[in-house]
Amino acid sequence: MSPRPAHRPPPDRIAKTTCYMCACRCGIDVHLRDGPDGRPRVAYIEGNRDHPVNRGVLCAKGASGLLHHSSPARLRTPLLRTGPRGAGEFRPISWDEALGIAVSWLRPLRESAPEKLAFFTGRDQSQSLTGFWAQAFGTPNWAAHGGFCSVNMAAAGIYTLGGAFWEFGSPDWERTRLLLLWGVAEDHDSNPIKIGLGRLKARGARVVGINPVRTGYNALADDWLGITPGTDGLLALSLVHCLLEAGRIDLPFLARFTNAPCLVDEDPASPERGLLLRDGEGRPLVIDRRTGKPAPWDGEGVEPDLAATWRHRGTTHRPVLHHLAARYLDPAYAPEAVADRTGIPAPRIRALAAELAAAAFDGPPVVLDRPWTDFRGHRHATMPGRPVAMHAMRGISAHSNGFQTCRAIHLLQALLGAVETPGAMRFEPPYPKPATAHPRPHADARPGEPLAGPPLGFPQGPEDLCIDAAGRPLRIDGAYGWEAPLAAHGMLQSVIANAHAGDPYPIDTLILYMANMAWNSAMDTARTMEMLADTDPATGEYRIPRIICSDAFSSEIVAFSDLVLPDTTYLERHDCISLLDRPISEPDSAADAIRWPVVEPDRDVRPFQSVLIDLGARLGLPGFVAADGAPRYADYADYIVNHQRRPGIGPLAGWRTGPHGLAHGRGEPNAAQLEEYRRAGGFWQAHVPPEAAFFKPWNRAYQDWAVAMGFFDAPQPYLLQLWCEPLRRFQLAAEGVGPRQPPEHLRDRLRAAMDPLPVWWPPFGDEDAGGFPLHAVTQRPMAHYHSWHSHNPWLRQIHGSNLLYLPRAVWDAGGFRDGDWARVSSPTGTIEVPVALMEALNPRTVWTWNAIGKRRGAWALHPDAPEGVTGFLLNHLIPDRLPPDAAGRRLPNADPVTGQAAWFDLRVRLERLPAPPPAARPALPPQASPVPPPPPLLAERPGP
């Protein structure tokens, strides 16, 4: 036997907290050991087996958080720019100087024109705080990254269902027999999806992937439909056509729980034509089967009739279902009519429709023996299911038709009765909530005053737009104007171009947090960098006068910032994963979580959230100072515990103080709250009562539980909105009805886009694609999420460079061979990149991984690192504006409903290069690095 070692390493100490390496927010066990200097060091990270999100499963990203935390690219100290923007030249400064500079820039704005501060964040998870701060400052110009990520999915889901895919809803993994994945890549919600797919496959359930690219989840699907990008909505409506044609729809579900039986005002003389008929109290009307007469939709005991019409004053008013059937039974939606455009043969479309119907209506029934009472007072003995589930992500959102595409998928779900029923899509508390339960947006900036309400919200009609008397947007990004009326997440992608142009007005200061707007989060990246560095020839001043950036790493945007406020890593700060923001709930439970500093920073850095709270106090913002002007909160941890959004409701729902001790959901602040979370493993969970777990929008037990938990203050049952009235109100305005009218050049566009029933149109640019025959899309791999990850040594070994993948037909026609490069051109620009063959790919599509390519000098990478040599972005080819119209106007390259950036509408052409160039092009000049160069070997022993 080997001799026993003289010294054994000390045992690990385990800190349970929440991962931040993607948006899953998994629970992690961080193993700590004392280093040679006696300070605790992170030894390794594994999954927390008790956590409700990941149950111990951890991906490569989560495990590599160790090297994220120790990255050579971490910023060390606050920085003040000394060279020109983009060069990356700074001098270190103290925090006192940095905060003094920030206050000297911000105080005059608040006192004179608060809208001249634009504050936009990237993929952070503290939007409840940042939005509250912006409201207190008085600027409407705040939003997060959702406008270029998945606002189409979120907004369409909330306006239609009262919840959406992913963070607001989940497939019923335990009961579904058929799962459709629409446009789902591997970066979002990866661990829960992997766990769920494992359960499905173990039970023999079927998975169908609908995606132009077959990787990851689509690779393990039982069937893959390699759809042409931007045609998902057309496919969904063709499936609707097939189900209506065959009579395979859930009529009882439609009658009870959707607005399908609601009567539509069809009086041609009515100013409310196309809206739902209402009673004197404003409640939509249905025909009650018991009386044959109109009755309010939520009347006690009402039994809505889907077939009945109502003749009144010479006009016949029909229910929504009649309009729906007339629309989608049109032969234009037949599979044979859409097959060529979607790239899916008609027999496969009809087979999928039949499979959906069979899974929903045939086979052994899925029925739970749980009595429940609906909002009309009807008692149900059981909970019948529809075991068809759907999930969708950015692949359907990032198109100029994405909002209505998402609504088309939700219509498909509703026709099958596959919403909030056993086996179907389920909502995650605090959802479901109808769109009317959300605030409207506010943009009423006044010197020295907070906004009257939050900057973001859900408009219900033109009266809620953020526009001035002349119809011009009040926000710098144009959100909630006529070009993007329902921009529920703002339009981060438009901020720099609009600020550079002074359209609709110039700004003074731009604050960016975790938003790499000089690189992979920008359309037409090279042009964006030019705008960030551009000066006014008359004054020599930058067109965007001041830029403040907060980031943990030396990213591309840091080089363009005037003042850099270095953030910590996620293992060095407090964070709050809140029910007020982006919760980690599951369908059967409400849950929230914390991060906490498991180690102390070894650099002069501070958590941005605490810095923001400090700035709020220094500026005297309401909500951040006490009555005597003293700071209300010491730091973010203090804010998490003591802030109340409304009485009894704070950032964390667990372990509050009630009249008889600890309380959950509602309660007063508890000074020991964070310690309670730490003792519990970093999270809190409250299970939905069994009788409330399904049919949540209509279930009295769930509504009462939601009120008790503080999700809302009174029950809010509602109907699924197959006919979306807010859209019709905007359509009426475009038709000339009402006091707020759109500009003439947008009337036709609004009439088409704001259809109250789901509609499909070709992605903008498709009809004029001309010499650009190929679609080009970009998606993130499972091992990367933020642009953070392609500087992580472990993850770089998985994806250290990227290729442009070509389908067989394009490969052969172009004469490509292994190792070749191609020149890729769009109407916006040209890049030169390495290419490879991929068989499992839509024949009209090319694609690559996103965010692998880096600008040289950023991220503390070696000058010859492949990310900066052969790595590339398709972003260089994507315009932020559409081609000019006849009058020279250029509209955003975005969905006309929400302003969602249309990343995936890109059209390109390819030509083979005779020889590989030395590097991918465009080859931009390197930026200087404000952090030291990386060591030749990154190694660390966390213990003795």
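A residue counts as buried when its relative accessible area is under 20%. With that cut-off, C466 counts as buried because its relative accessibility is 3%. Keep in mind that this is a predicted model. The notes below begin with the cysteines, move on to a pocket, and end with a group of strands.

**Cysteines**

- A disulfide is a covalent bond between the sulfur atoms of two cysteines.
- How many disulfides does a search of the whole structure find? The search finds zero.
- C262 shows why: its sulfur is 13 Å from the closest cysteine sulfur, the one in C724, and that is too far for a bond. For comparison, the two sulfur atoms of a disulfide must be within 2.5 Å.
- C466 is in no disulfide either, as the nearest cysteine sulfur, again that of C724, is 18 Å away.
- Is C262 buried or exposed? C262 is buried, with a relative accessible area of 1%.
- C466, at 3% relative accessibility, is buried too.

**The second largest pocket**

- Rolling a probe the size of a water molecule over the atoms shows where empty space is left.
- The second largest pocket holds about 1400 Å³ of space.
- This pocket is lined by 49 residues, and those closest to its centre are Y431, H438, P439, L580 and D581.
- Two elements, α4 (127–137) and α5 (151–160), are the ones that give two or more residues to the lining.
- Which of the elements gives the most to this lining? That is α4, with five residues.
- Sorted by class, the lining of the second largest pocket has 28 nonpolar residues, 14 polar ones and seven charged ones.

**Strand β33 and its partners**

- Strand β33 covers residues 830–837 and is mostly covered, with six of its eight residues buried.
- On one hand, β33 is joined to strand β31 (residues 804–806) by three bridges, and these two strands run parallel. In this pairing, L804 stands opposite V835 in β33.
- On the other hand, β33 is joined to strand β32 (residues 821–825) by five bridges, and here the two strands run antiparallel. In this pairing, V824 stands opposite I831 in β33.

Notes. Residues are numbered from 1 along each chain as its sequence is written. This is a predicted model: local features need pLDDT of at least 70, side-chain atom pairs count only at pLDDT 80 or more; totals for chains, interfaces and linings use all residues. Side-chain values use heavy atoms; hydrogens and water are left out. Buried means under 20% relative accessible area, exposed over 50%, partly exposed in between (1.4 Å probe, protein chains only). Helices (H or I, at least four residues) and strands (E, at least two) are DSSP runs, numbered from the N terminus. Two strands pair if DSSP finds at least two bridges between them. On a 1 Å grid over the protein atoms alone, a cavity is a set of points where a 1.4 Å probe fits but cannot get out, and a pocket is an open set with protein on both sides within 12 Å along at least five of seven lines; lining residues have an atom within 4 Å of a point. Grid points are joined across faces, edges and corners, and a volume is the space filled by probe spheres set on the points. Ala, Val, Leu, Ile, Met, Phe, Trp, Tyr, Cys and Pro count as nonpolar, Asp, Glu, Lys and Arg as charged, and the others, Gly among them, as polar.
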